[in-house]
Every structure is written in C-alpha cells, then in structure tokens.
Amino acid sequence: MPKLTLEDLEKIRQEARKSIFIREQGQFKAKIIVHMGTCGIAAGARNIMNAFLREVEKRGTTDVLLTTSGCAGLCSREPMATVELAGQAPVKYVDLTEKKAQEIFEKHVLGGQIVTAYALGIGSEKTDL
Amino acid sequence: MAEAKEKLYRTHLMVCAGTGCVSNHAFEIKEALEKEIKRQGLENEVKVVTTGCNGFCERGPLLVVQPGNIFYQTLSVKDVPLLVEEHLLKGRPVKKFMYQPPEEKTPVPVLSEINFFKKQVLVALRNRGLIDPEKIEDYIARDGYKALVKALTQMTPEEIIQEITVSGLRGRGGAGFPTGLKWQLVRNSPSPNGEKYLVCNGDEGDPGAFMDRSILEADPHSVIEGMLIGAKAIGATQGFIYVRNEYPLAVKRIYIALDRARSLGLLGHDILGTGFDFDIRVVRGAGAFVCGEETALLASIEGRLGEPRPRPPYPAEKGLWGKPTCINNVETWANVPVIIDRGGKWFASIGTPTSKGTKVFSLVGKINNTGLVEVPMGITLREIIYDIGGGIPGGKKFKAVQTGGPSGGCIPAEKIDLPIDYESLTEAGSMMGSGGMVVMDEDTCMVDVARYFLSFTQDESCGKCTPCREGTKAMLDILTRITEGKGTEEDLVLLEELAQTVKEASLCGLGKTAPNPVLTTLRYFRDEYITHIRDKKCPAHVCRQLNVYTIDPQICLEKGHGCDVCRRNCASEAITGAKGESHKIDQAKCIKCGVCFDVCNFGAVRVE
C-alpha cells in the first residue's frame with residue numbers, strides 16, 4: 001500500500017489551493033473590497049470583513065478576492081463594501097451588518113444578483129487624476 | 001494523512017527569505033511583523049509567509065503584500081509598526097516604502113509594474129515569492145508534482161525523453177549539452193546489475209553567481225520533482241544532490257523538502273502506487289571549484305579526492321561506481337516538471353532556434369538593480385543591463401560584461417545588442433556558463449579583471465594536469481607583472497601562446513576555459529594591455545603600482561587648510577608638510593597604497 005495515492009495528492013492540492021490562491025495574479029470571478037478607514041473600522045468594518053472571510057472559508061472558493069481599502073467618503077453610511085464581478089461595474093453596499101454581508105456573498109458574489117435593498121449605487125466615482 | 005486544514009487569511013505577507021534578504025535581517029522583520037500584527041489584533045486575518053529569493057536583491061529586505069502584489073523594499077524593523085497600521089489595519093498602502101525608479105517622481109506600488117520584473121519570464125523560478133519553500137503543500141498547490149503524476153501514470157520513459165528532446169532544453173550548467181540526448185544516452189547504456197544513478201549538480205562556484213543557490217532555497221521541490229521524472233526516464237533508482245556546504249540555507253531547505261516528500265511517499269518505495277521506486281541523498285561538497293566538473297563531482301560523491309579524469313568514458317556510460325549516471329545542473333532539473341506538464345512544444349516556443357526556453361542570470365557588479373533574473377533566451381544584453389538592470393550607477397559608462405564566471409569571457413560595450421544564447425556568447429569568446437553576469441563600468445581595468453579571474457582559477461586548479469597547474473600559474477605571473485608596470489610586449493605573445501596551450505591541453509573544463517577571460521580581454525581591450533606595458537599607465541587607475549599620487553598645493557591649502565590627515569595616515573611617511581601648510585608626496589618613498597587619496601576630503605590628492 002503506497003503512502004500517498006493519486007487521489008490523496010489531488011486532495012492536498014485542492015485543500016492547499018484554498019489558502020494560496022490569493023497570492024497569484026490570476027483572474028478572479030469577484031472582488032470584495034471592505035472599506036476600512038477609521039470611520040469604517042469604528043462602525044464595525046472589521047466584523048464585516050471577517051464575515052466575508054468566513055464565507056470564503058466556508059465555501060472554499062478560490063476565485064473570490066477579498067481586500068480592504070481606505071475610507072470611501074460616505075462616513076455616515078459605514079460599514080461599506082464594494083462588490084465587483086469580473087467585467088461588471090462595481091456595486092457599493094452601505095450600512096452593512098454581518099448578516100447582510102452573508103446575504104450579499106450568497107446572492108451577489110456567488111449568484112450574480114445585486115442585492116438592491118442594501119446597495120447605494122452602481123459604478124465608480126469619477127476622478128480627474 | 002497529512003491534511004491539516006489551512007486557516008484562511010485575507011492577506012498574506014510574503015517576506016523574502018533568500019540569503020540576501022536574510023543577511024539584511026529578514027527574519028527579524030518577520031518577527032516584528034508578527035508581533036505588530038498581534039498587537040493590532042490582526043492575527044486571524046493576516047499571515048506572514050517566508051519565501052525564497054524574490055530576485056530584486058538590491059532592494060532587500062523585501063515584502064510583497066498579497067492580494068494586490070504590493071511591493072515594499074529596503075525595509076527595516078522600525079518601519080514595521082507604520083506599515084502594519086497603515087496598510088493592514090487601515091487599507092492604505094504606504095508610499096514611502098515602495099520602489100521609486102531613480103529618475104521618476106512617483107513610486108511604483110505593484111510588483112509586476114516595476115521594470116526589473118516586467119521583462120522577466122519565469123519558468124525555472126515559477127514559484128519564486130509565491131510559496132514557502134519549507135511547505136510541500138504550497139508547492140503542490142502551485143501544480144507541484146502534477147508532472148510527476150503524468151510521467152508516472154501516462155508516459156513511457158521514451159515518451160518522457162521525447163518530450164524533453166522536443167522542448168530543446170539544454171544543460172543550464174555551462175556547456176549546454178542537449179538534455180534529452182543525455183537522458184537517451186544514459187537510458188541506452190547497459191548497466192551490469194541494472195543500477196543507474198542520477199545527480200543534481202549544485203556545486204555552484206563562480207564568483208558572483210547565485211542562481212542554483214536561489215532555486216534550491218526558493219523551490220527545492222521543483223528540483224526533486226525534476227529528478228523523479230528524470231529517474232523514470234533513464235531508469236535510475238537512486239539520485240544525489242551535490243550541494244556546497246557553504247550554502248547552509250539551501251542545504252537546510254533541501255533536507256526539509258526531502259523529508260516532507262519522503263514522509264508523504266513522493267520519494268521511496270512504490271511512489272503514488274505506481275510501483276516506481278526512487279530516493280535522493282544529499283552530498284555536501286567542501287567548496288572546491290573543480291568539483292563542479294562532472295567527473296570530479298562524481299569522484300567527490302564516491303568519497304575520493306575531487307579530481308577530474310579523462311573522458312571518455314563519459315558519465316553516461318561509466319559514472320558513479322562505474323554505473324551509467326546522468327548529471328544535470330539545478331536549473332536544468334527545475335525546468336523539467338514544467339516541460340512535462342505544459343509540453344515540450346510550449347517550452348520550445350520561448351527563445352531562439354538553437355537556445356530554447358529561459359535562463360536565470362545573477363546580475364551583479366556595477367549595476368543599479370543587482371539581483372536574480374530569468375529571461376527568455378535571445379534577449380539582448382542591452383535589455384538585461386538597461387531595462388531590467390536599470391543601467392550603471394552614478395551615470396558611469398558601461399564598459400563590459402563578464403558572463404560565465406571565471407570560465408567565461410568579457411563582452412565589450414560595442415556588443416551590447418548581442419542576443420543571449422549559447423552560440424552567440426561562444427562566438428563572442430565567452431560562454432553561457434551557469435549564468436553569472438558581472439557588469440563593469442569605466443572604472444574597471446580589464447587587465448586587472450583578467451588577473452582577478454585567473455587568480456581564482458589558478459587557486460582552484462586541482463593540480464592534476466600540468467597545462468592547467470603550471471600554465472595558469474605562468475599566465476598569472478605575466479598578468480601580475482603587467483599590472484605592476486613590469487610587462488613587456490613579448491609578454492603578450494607569450495601570454496596568448498600559453499592561453500591557447502592551456503585551453504587545448506588541459507584535462508577538464510576548468511583548465512580548458514580558464515584562459516577565456518584573458519583571451520577575450522586581449523581580443524577586445526588589447527589597447528589597455530598596451531597602455532599598461534608601453535606607457536606604464538592604468539587608464540582606469542585601478543592598478544595602483546602604475547598610479548602616481550600627487551597633492552595639488554593650492555587645493556590642499558585653500559580648501560583643506562593643510563588639514564594634515566594624509567600625512568598622519570601615510571604608513572610610509574612619504575608625505576611632508578605641517579598642519580596649516582600645503583603637503584607634498586615624496587615619490588621615492590611612496591608605496592602607492594592610495595590611502596592619501598581615500599582619506600582626503602577636499603579632492604587635493606590627484607592620481608595619474
């Protein structure tokens with residue numbers, strides 16, 4: 001009996017991919033940006049970020065990228081997050097809770113349906129830079 | 001089954017832990033990062049990973065934040081708190097730790113946008129900066145051991161050799177022998193008891209070369225997997241990795257990698273249930289340059305004195321303990337898994353008609369971006385030196401580049417558009433070698449360079465054959481004479497004659513190539529030799545015995561106010577003058593040590 005079978009090796013690969021995919025510059029199906037300026041953090045953005053992180057972990061996705069950025073400018077509606085599906089305009093979500101984050105992950109990130117009830121708007125701000 | 005479920009983190013901090021960065025306190029930075037991450041309560045979100053050499057050694061210690069590929073450089077422990085708070089806690093990448101190209105005003109945040117990385121094509125270094133070399137799972141996640149599965153379950157030995165032949169892969173250790181052909185020869189060689197061996201040559205000895213070391217440190221499993229595939233192709237059951245003991249980090253990581261592969265069953269008996277047996281032993285070399293030569297290396301593995309023997313018989317027929325043995329260099333082995341995985345045709349699509357794929361070079365010397373680069377064959381020297389290397393520091397003029405280490409030659413500035421492949425380098429009088437690339441600027445004396453490299457080979461000559469032992473010594477004597485201003489024009493004739501003889505008559509590659517630096521500098525920089533001999537001058541002011549040091553009395557007095565520093569530092573008491581007065585050098589007493597020139601803060605000491 002060999003120590004490792006072909007299936008075992010493949011299993012190790014699948015399992016290991018779940019953690020290291022974020023190091024690669026590949027194509028991601030979706031990108032979630034949690035806004036973590038001081039205002040966001042004060043309003044609980046860390047919990048939102050962790051809620052998304054646990055969703056990624058739970059479902060074992062390797063094509064959803066979770067990142068953070070600074071303040072988005074609308075401090076009164078924090079915590080905020082932006083969801084960007086590949087090839088589509090980004091959608092900003094406001095006044096998030098962990099539950100809302102889970103719902104957004106399931107419906108929008110995985111299902112492709114924008115959760116309009118929590119969305120602020122679609123598209124990015126224009127800059128002159 | 002070793003299937004520890006890996007905890008998910010939102011961010012991985014990839015800390016470069018290649019030898020260069022480690023000597024710049026990379027491990028202290030790693031510790032500081034972990035401490036600070038904990039202090040900010042981010043320990044469940046952010047993970048610190050140590051990787052092998054990232055390549056941009058000039059800018060170490062390095063850190064790459066993933067996702068995002070944000071590149072931080074020249075970090076120190078005291079930078080850590082700000083970096084963690086700004087980037088990781090608040091999501092604001094910190095500009096002041098980013099790389100800023102010398103002539104530009106804004107930093108370049110993303111690694112792949114930096115010129116140093118832009119033109120590189122990573123094949124042998126495909127996992128650099130992306131995996132922890134001490135974790136086999138990281139390697140497996142990056143499609144590691146996938147090629148092995150293919151080779152063991154879907155390919156016959158002939159098909160594997162065919163694929164390598166199609167790829168056009170040639171030995172990356174120096175001579176450039178076609179790898180597929182070598183494997184075929186070993187496969188065809190009969191062995192009395194069926195035993196054949198396989199060796200990974202990691203005895204990298206060229207001054208300024210660190211390709212093999214970096215591969216072994218950054219991705220040891222790629223070498224192990226390559227060797228496993230090679231073993232199936234040639235029918236070997238035992239392999240050896242010969243590595244210098246002076247590469248402690250590489251040695252450590254190879255041992256860890258072998259242990260992990262063995263404990264998973266990727267080495268040993270009945271690998272992956274295919275009935276294939278193979279194992280690898282590490283042999284640590286004592287650091288003799290000649291042991292990079294294959295027959296000397298084999299002697300060293302057998303426990304004998306590391307001396308070469310005449311070929312034929314080649315190791316492919318009679319190698320270790322008289323059995324057919326396949327020897328390939330570290331980088332060659334690291335290329336094998338990708339070729340099997342992606343196909344020989346894919347590999348052959350990179351490079352030139354005769355030199356396929358990529359080559360790793362260590363870029364050192366008078367160059368802005370010192371580091372490890374992997375480029376497609378056929379790229380020009382100009383692209384490597386200016387686009388990737390960022391040019392020559394201090395606005396100096398590019399003079400020559402030495403490729404192939406002490407066995408290679410100096411390629412002059414006028415050949416800067418030379419494409420890098422085995423043939424053009426040989427034609428230019430140099431060689432690919434294992435990939436050392438020493439860049440020289442206008443302040444380099446080519447006679448001195450030839451003397452330096454020859455002193456290296458002369459020192460490392462094993463002494464077995466007369467042409468190398470005596471010839472290199474005689475050549476070195478002549479070169480030393482010339483640098484001291486005692487050379488004659490007849491010396492040049494003798495030097496060339498000796499060089500040809502040593503090249504033709506030496507037993508092994510060390511002697512056969514040792515004259516190359518002399519021959520190429522004579523070919524391209526003959527006028528510099530002539531100036532040393534006829535005018536007794538060194539145009540680059542490197543050969544100190546030819547320099548004349550004088551003090552400009554006006555500058556000494558007006559700018560330096562006769563500071564007296566030169567006189568106090570002069571060991572031969574050749575300088576006269578009291579404090580507050582201008583000083584003078586007595587040429588009869590001066591031993592040309594150059595200390596006065598080095599210590600004068602006012603530029604009053606002149607050298608001619």
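**Conventions.** I number residues from 1 along each chain as its sequence is written, with chains lettered from A and ligands numbered from 1 in the order in which they are written. Since the model is predicted, local features need pLDDT of at least 70 and side-chain atom pairs count only at pLDDT 80 or more, while totals for chains, interfaces and linings use all residues.

**Chain B, overall.** I counted elements as DSSP runs numbered from the N terminus, helices being H or I with at least four residues and strands E with at least two. Chain B has 25 helices and 18 strands. For 608 residues a compact globule would come out near 25 Å, and the 27 Å of chain B agrees with that. The C-alpha atoms fill a box of roughly 85 × 65 × 40 Å along the principal axes.

I looked up burial next: a residue is buried if 20 or more other C-beta atoms lie within 10 Å of its own, exposed if 12 or fewer, and partly exposed in between, with C-beta atoms placed from the backbone. Buried residues are 55% of the 608 in chain B. For contacts I used C-beta atoms, placed from the backbone, within 7 Å. Of the contacts in chain B with a separation of 6 or more, 71% are between residues 24 or more positions apart.

**Chain A, overall.** Chain A has 4 helices and 5 strands, in the sequence pattern α-β-α-α-β-β-β-α-β. Its C-alpha trace spans about 65 × 30 × 25 Å along the principal axes. I found 36% of its 129 residues buried.

**Where the chains touch.** The contact takes 31 residues from chain B and 33 from chain A. On the chain B side, β1 (11–16), α5 (136–141) and β7 (268–271) each give two or more residues. The largest share, 4 residues, comes from α5(B). I sorted this side into 13 nonpolar, 8 polar and 10 charged residues, where Ala, Val, Leu, Ile, Met, Phe, Trp, Tyr, Cys and Pro count as nonpolar, Asp, Glu, Lys and Arg as charged, and the others, Gly among them, as polar.

**Sheet with β7(B).** I took strands as paired if DSSP finds at least two bridges between them. An open sheet of 5 strands in chain B has the order β7-β8-β6-β5-β9, with mixed pairing. β7 and β9 (325–329) of chain B are at the edges with a single partner strand each, so one side of each has no neighbour in the sheet. β7(B) and β8 (276–285) run antiparallel, joined by 2 bridges, and B:Ile271 stands opposite B:Phe276.

**Sheet with β10(B).** Another open sheet of 5 strands in chain B has the order β11-β10-β14-β12-β13, again with mixed pairing. Its edge strands are β11 (371–376) and β13 (409–412). β10 (358–365) and β14 (436–441) of chain B pair in the parallel sense over 4 bridges, and B:Gly365 stands opposite B:Val439.

**Helix α21(B).** I looked at residues 516–524 and found 7 of 9 buried. Among them are B:Pro517, B:Val518, B:Leu522 and B:Tyr524. The buried residues of α21(B) pack against β13, α17 (446–460), α18 (466–483), α19 (489–505), α20 (509–513) and α22 (526–535) of chain B.

Terms used:
Rg over C-alpha atoms; globule rule 2.2 N^0.38 Å. Contact = placed C-beta atoms within 7 Å.
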